[in-house]
Amino acid sequence: MLNFAKINRAMISGVSLLAILYVFMTQLGNLNPFVSSWDQVDFSLALHRFDLRAMQPHFPGYPYFILGGLLTEKFIQNPGQALVAFNVLVYASSIVPVYLLASRVLSKESSLLVAGIIYTASYPLIIVNQPMSEGAALAAFWWFFWSVAAAESKASGKWLLLPLFLFSVLLGIRLSYIPMGIGLIYLFYKKWTKQELTMPGIIKYAVIAGLFQLIWVGGLIMTEGSLSNFLELAFGFTGGHFQEWGGTSVSNELSFFARLKAFLFTNILWWGIFSRTTVLMVLYIVIGIIILLPSRKSGIFKESSGQLSLLLMLAYGGWALFAQNIDKPRHILPVALLFVFVCMLVFFKKRPEKFTRYLALALIIAQAIVSSSYVQEQAESSPAVYQLANYLEEQPDVVLYTWEETRVLQFLGMPYPHKRIYTYKIFLHDQGLYEGKTIYVTNSVIDGFRSQGVEPGGKLEEVRTFSSNEIFDPVYHEIVLYKWTP
C-alpha cells in the first residue's frame, strides 16, 4: 500500500532541491561580465596587482576574497567574472549550515525548505552575482553562525577553535561583519555559565581568536611595508568612511526617523526580502499573517539557534543602521536573511501542517523564477555607466566630468579625458584648459554642485539619459549627460 505521507514529503523535498539546482546552474551559466561601480573596479583590479594605496582594493583589503578570486581566475580569465564565480560557488555551500541550524529546531523536511528559501532569496543572489565581497561574506557568515551553535552544544574544547577560525575568515572577507563577533561573546558566556570554561580559559581562547585574525592582518601589514604605514592607511580610510563619503549617520543629512524608515521599510523589506517584486511581497505577507494568527507558542527562542539569530540580527542591525551607507541596500543583507530565517523557524514550529510546507514550496519556486530572471538580466543588460562610456567614445573631441563613474571609465580604458570633479571652482578652472573641446558633465556632478549651494553658470543642455535596472545599482542606475557651454 502506498504511503502518501512519505510520497508527499519526498515530492516537496525533491522540488525544493530542483529549484535550488536550477538557480545554481543559472548563476554558473550567467556570470555577470560587467564591472560597473567604484568598489567593483577596486576588487577586479586587485587580481592583477594587490595595492591598498592604489585602491586595489580599498582598505581593509579583503584578502581572503581576493585569494578566492585568484583561484577561480585560473579557470575564468575575466577578473570580474572570476570574483563572481567564487561568490557563486561559496554561497552555494551556505545551504549546508542553514540546513544544519534549522534542523536543530525543525524536522529534516522543514529544514530543507528553510535552506531553500534562504538560498533562493532574490536580492541576495543579485549581490552574489556582482564582483563584490558580500556574496562570499554571507556564506562565511552562515558557516560561522553554525559553528558557534555547534560549539555551544559540544563539551569538547576543540570545537571552540572552529568559530574562532571562521570569524577570522569572515572578517578577512568583509571587515564590516565585525559586529557578528557578539556570537563569540555569547559562546564564551554560555560555556562559562555551564562551567565548561573558566575565566583563564576565556582569555586563552580570546588570544587564539586574535592570533587567527593576525593571519590576514599581518599579511596586509607586510604589503604596506610597516605597521605605521598600515595604521596611517587604516585611519585615513576609516575617517573618510565615517565622516565624509561613507553614507553613515554621521555623514548623511537624513534625520534619524527618515533613516530608520529607509532602513526598515525600503532596505530590509522592499529590497532585502521582497526583492522589489510584488509576487514575493504577497507571499511573505501571507506567511507573516499566518505567523501572527493565534496558535501554540513556537518556543524557538529557548533554542540556541533562535537566541543567537536574534542576537546577531540586533548587533548587525544597529551597525548597519548607523555605520553603513543607507543609500546602498546591500549592506542590510545579513539582517534581512536572519529575519527571514527566524520567521521561517517560527512559521514551521507554530504551523507544522502540510499547508505551510506547500506555501513555503511556492515561495521557493517563485524566488527561483524571479532570481533566475534577475541573474540573466544582470548578465545581459549593459549598465548605465557602460552605455555612457560607449556613447561618448563615438563623439569627437570630448571631455567628461563625473564623480564615481570615472573609476569605471578608467577600468574600461576609455580614450577620451574624464575626471572626477569635486567643486565648481575647480571645474571652472579645469575646463578652461580644454579650449575647443566639447564639455560634458553628468547629473551627479550637477547635483554635487547644487548640494554645495552653487548653481552652475553657463548653459546646460541635456543630451541623453542612460538607464539600467535600479535593483542592480541603486545609485548609478540612471545617468543624465549634459553638454556644458560657458
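Helix H4 crosses H8 in a left-handed manner, meaning that the near helix is turned anticlockwise from the far one by less than a right angle. The model is predicted, with local features needing pLDDT of at least 70 and side-chain atom pairs counted only at pLDDT 80 or more, while totals for chains, interfaces and linings use all residues. Residues are numbered from 1 along each chain as its sequence is written, and side-chain values use heavy atoms, without hydrogens and water.

H4 (residues 79–93) and H8 (residues 134–153) pack with axes 8 Å apart and an angle of about 20°. That makes the pair roughly parallel (angles under 35 degrees; over 145 counts as roughly antiparallel). Contact (heavy atoms within 4.5 Å) involves Phe-86, Asn-87, Val-90, Tyr-91 and Ser-93 of H4, together with Gly-135, Ala-136, Leu-138, Ala-139 and Trp-143 of H8. By class, seven of these residues are nonpolar, three are polar and none is charged.

A second pair, H9 (residues 158–173) and H10 (residues 182–193), packs at about 165°, with axes 11 Å apart; H9 and H10 are therefore roughly antiparallel. This crossing, too, is left-handed. Here Leu-160, Pro-163, Leu-164 and Phe-167 of H9 meet Leu-184, Leu-187, Phe-188 and Lys-191 of H10, giving seven nonpolar residues, no polar ones and one charged.

The largest cavity contains about 150 Å³. Its lining comprises 15 residues, with Ser-36, Gln-378, Pro-383, Phe-472 and Asp-473 closest to the centre.

Terms used: Axes are lines fitted to C-alpha atoms, for helices over the stretch in contact, and angles run from 0 to 180 degrees between N-to-C directions. Helices (H or I, at least four residues) and strands (E, at least two) are DSSP runs, numbered from the N terminus. Angles under 35 degrees count as roughly parallel, over 145 as roughly antiparallel, 65 to 115 as roughly perpendicular and the rest as oblique. Ala, Val, Leu, Ile, Met, Phe, Trp, Tyr, Cys and Pro count as nonpolar, Asp, Glu, Lys and Arg as charged, and the others, Gly among them, as polar. On a 1 Å grid over the protein atoms alone, a cavity is a set of points where a 1.4 Å probe fits but cannot get out, and a pocket is an open set with protein on both sides within 12 Å along at least five of seven lines; lining residues have an atom within 4 Å of a point. Grid points are joined across faces, edges and corners, and a volume is the space filled by probe spheres set on the points.
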